[in-house]
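Visitor: I would like to learn how to read a structure like this one. Please show me.

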Amino acid sequence: MNYNKYIDKIMMAFLRREEEKEVKEAKRYKVPEPDDTDFFPTVTKSWEELVNKYQPSPWIDGIGFEHDFMTLFNAPQGFPFKRIYCNTDVASDLDFIFEDVLRLGLEKEFKTFDGCFNIRKIRGSKTKYSLHAYGLAVDFNAATNRMGTAGDMHPDVVDIFTACGWRWGGYFKRRDPMHFQRAWNC
Ligand SMILES: [Zn+2]
């Protein structure tokens with residue numbers, strides 16, 4: 001067999017295996033990513049909405065933003081963290097989300113809380129700010145859910161967030177499985 005053809009064959013087999021792996025992974029999550037975001041009337045859907053809703057922008061007047069839009073969320077008993085400093089919109093959702101997590105006995109799936117409010121740009125972007133800058137994104141279990149990996153987030157946890165209108169970073173093109181955000185096309 002010609003050497004190049006041999007390499008091609010190995011490459012094809014590798015790509016096929018990768019594809020199969022991705023299909024299998026996508027099937028793990030029962031609640032698919034909804035494409036009709038009107039289903040979640042309260043969730044922020046675009047950059048325009050974000051910019052209009054949260055004024056002053058956190059990087060222009062951080063103190064003004066925090067005063068108007070940030071709050072301290074108290075986690076219920078059973079989680080390895082007590083408080084999350086987050087957007088008031090996030091706090092009201094987390095009440096429902098953590099209630100569901102407890103109801104399904106999934107609190108042990110939360111190992112660490114790894115950040116919410118952080119005025120910074122999206123990794124790799126020079127202009128666009130991260131939803132963390134608005135306190136609208138929350139990271140969990142960072143140690144085993146690094147950017148670019150499939151991670152080990154429990155599918156039921158992903159489903160609970162998705163059912164509440166949140167978007168999981170594991171669905172991003174550039175996977176970020178530790179990340180959940182309360183916004184869509186942002
Ligand atoms: Zn994040």
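Guide: Begin with a helix: what covers the buried residues of α5 includes α4 (88-103), β5 (167-168) and β6 (179-181). Contact here puts two C-beta atoms, placed from the backbone, within 7 Å. Helices (H or I, at least four residues) and strands (E, at least two) are DSSP runs, numbered from the N terminus. This is a predicted model: local features need pLDDT of at least 70, side-chain atom pairs count only at pLDDT 80 or more, and totals for chains, interfaces and linings use all residues. Residues are numbered from 1 along each chain as its sequence is written.

Visitor: Which residues in helix α5 are buried?

Guide: A residue is buried if 20 or more other C-beta atoms lie within 10 Å of its own, exposed if 12 or fewer, and partly exposed in between. In α5 (residues 155-163), the buried ones are V157, V158, I160, F161 and T162. Just after α5, G165 has a positive phi of about 95 degrees.

Visitor: Which residue has a positive phi although it is not a glycine?

Guide: Most residues other than glycine have a negative phi, and most peptide bonds are trans. Here N141 has a positive phi of about 50 degrees. N141 sits in the loop between β4 (137-139) and α5. N141 is partly exposed, with 19 other C-beta atoms within 10 Å.

Visitor: Is the peptide bond from Q55 to P56 cis or trans?

Guide: The bond from Q55 to P56 is cis, and its omega is near 5 degrees. P56 belongs to the loop between α2 (47-53) and α3 (62-69).
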